[in-house]
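Here is a briefing on one protein chain. Look at the sequence and the structure first, then read the points below.

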Amino acid sequence: MDINLCSKGANNLNNMTTNELEQTLQQDETIQLIDVRETDEYAGGHIKQAKNVLLSELTERTNELDPSRPLHVICLSGGRSMNAAMYLEQAGFDVTNVDGGMMSWEGNVTR
């Protein structure tokens, strides 16, 4: 399945800022955070709690995610994560896209 979807329906998707994500990560240990950037981008700096699931591999790796827990998706600027979030929402996940992505992240990063 191709998950490079058009933006149709994106307005109904849950979105949050990187500041809101940072607060959520501090307050709620049950959320899942996936980073859909390429391996080299992820290795260059990522949020500690983020699991790297490449956008190109998401359909094959969806089974690695827990549908009973909230899921947040981040990328570099928000485009790829929006596509991933729309796919995951259609797959039944409680998903939130992180607007601005790692370009807006002001918290600590792990390399």
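The points below cover strands, helices and a few single residues.

This is a predicted model. Strand 4, helix 4 and strand 5 form a right-handed β-α-β unit. Strand 4 also pairs with strand 2, in the parallel sense. Helix 1 has a buried side, and strand 4 and strand 5 are among the elements that cover its buried residues.

**Strand pairing**

- Strand 1 covers residues 14-16 and runs parallel to strand 5, joined by 3 bridges.
- Strand 2 and strand 4 run parallel and are joined by 4 bridges. Gln-32 is bridged to Leu-71 in strand 4.
- Strand 3 spans residues 50-52 and pairs with strand 2 over 3 bridges, again in the parallel sense. In this pairing Asp-35 meets Asn-52 of strand 3.

- Strand 5 runs over residues 95-98. Val-95 and Asn-97 point one way, Thr-96 and Val-98 point the other way, and all are buried.
- Strand 2 is covered on both faces. Gln-32 and Ile-34 lie on one side, Leu-33 and Asp-35 on the other, and all are buried.

**Helix 1**

- Which residues of helix 1 are buried? They are Thr-18, Leu-21, Thr-24 and Leu-25.
- These residues are on the same side of helix 1, because they cover an arc of only 115° around the axis.
- An α-helix has 3.6 residues a turn, so residues three or four places apart point the same way.
- The cover over the buried residues of helix 1 includes strand 1, strand 2, strand 4, strand 5 and helix 5.
- The face turned away from the buried side carries the exposed residues Gln-26 and Gln-27.

- Leu-25 sits in helix 1, which spans residues 18-27. Its relative accessible area is 12%, so Leu-25 is buried.
- Beyond its neighbours within four places in sequence, Leu-25 is in contact with Ile-31, Leu-33, Ile-47, Gln-49 and Trp-105.
- Leu-25 and Gln-49 are 24 residues apart in sequence, with 8.2 Å between their C-alpha atoms.
- Gln-26 is also in helix 1. Is Gln-26 buried or exposed? Gln-26 has a relative accessible area of 63%, so it is exposed.
- From Gln-26 to Val-53 the C-alpha separation is 22 Å, and the two residues are 27 residues apart along the chain.

**Helix 4**

- Helix 4 takes in residues 79-90. It has 12 residues and reaches 17 Å from its first C-alpha to its last, close to the 16 Å expected at 1.5 Å a residue.
- Buried residues in helix 4 are Ser-81, Met-82, Asn-83, Ala-84, Ala-85, Met-86, Tyr-87 and Leu-88.
- What covers these buried residues includes strand 1, strand 2, helix 3, strand 4 and strand 5.
- Gly-92 follows helix 4, and its phi is positive, near 100°.

**The loop between helix 3 and strand 4**

- Thr-62 lies in this loop, between helix 3 (58-61) and strand 4 (71-74). Thr-62 is buried, because its relative accessible area of 14% is under 20%.
- Which residues does Thr-62 touch, not counting those up to four places away in sequence? They are Tyr-87, Leu-88 and Phe-93.
- The side chains of Thr-62 and Tyr-87 are joined by a polar contact of 3.5 Å. Tyr-87 is itself one of the buried residues of helix 4.
- Pro-70 is in the loop between helix 3 and strand 4 as well. Its relative accessibility is 24%, so Pro-70 counts as partly exposed.
- Pro-70 touches Thr-30, Ile-31, Gln-32 and Asp-94, leaving out residues up to four places away in sequence.
- Pro-70 and Thr-30 are 40 residues apart in sequence, but their C-alpha atoms are 7.2 Å apart in space.

How values were computed
Residues are numbered from 1 along each chain as its sequence is written. This is a predicted model: local features need pLDDT of at least 70, side-chain atom pairs count only at pLDDT 80 or more; totals for chains, interfaces and linings use all residues. Side-chain values use heavy atoms; hydrogens and water are left out. Helices (H or I, at least four residues) and strands (E, at least two) are DSSP runs, numbered from the N terminus. Buried means under 20% relative accessible area, exposed over 50%, partly exposed in between (1.4 Å probe, protein chains only). Contact means heavy atoms within 4.5 Å. A polar contact is a pair of N or O atoms within 3.5 Å; within protein, one must be able to donate a hydrogen and the other to accept it, and residues adjacent in sequence count only if both atoms are side-chain atoms. Two strands pair if DSSP finds at least two bridges between them. A crossover is right-handed if, with the strands pointing away from the viewer, the path from the first strand over the helix to the second runs clockwise. The arc is that of the directions from the helix axis to the C-beta atoms. The expected span of a helix is 1.5 Å times one less than its number of residues.
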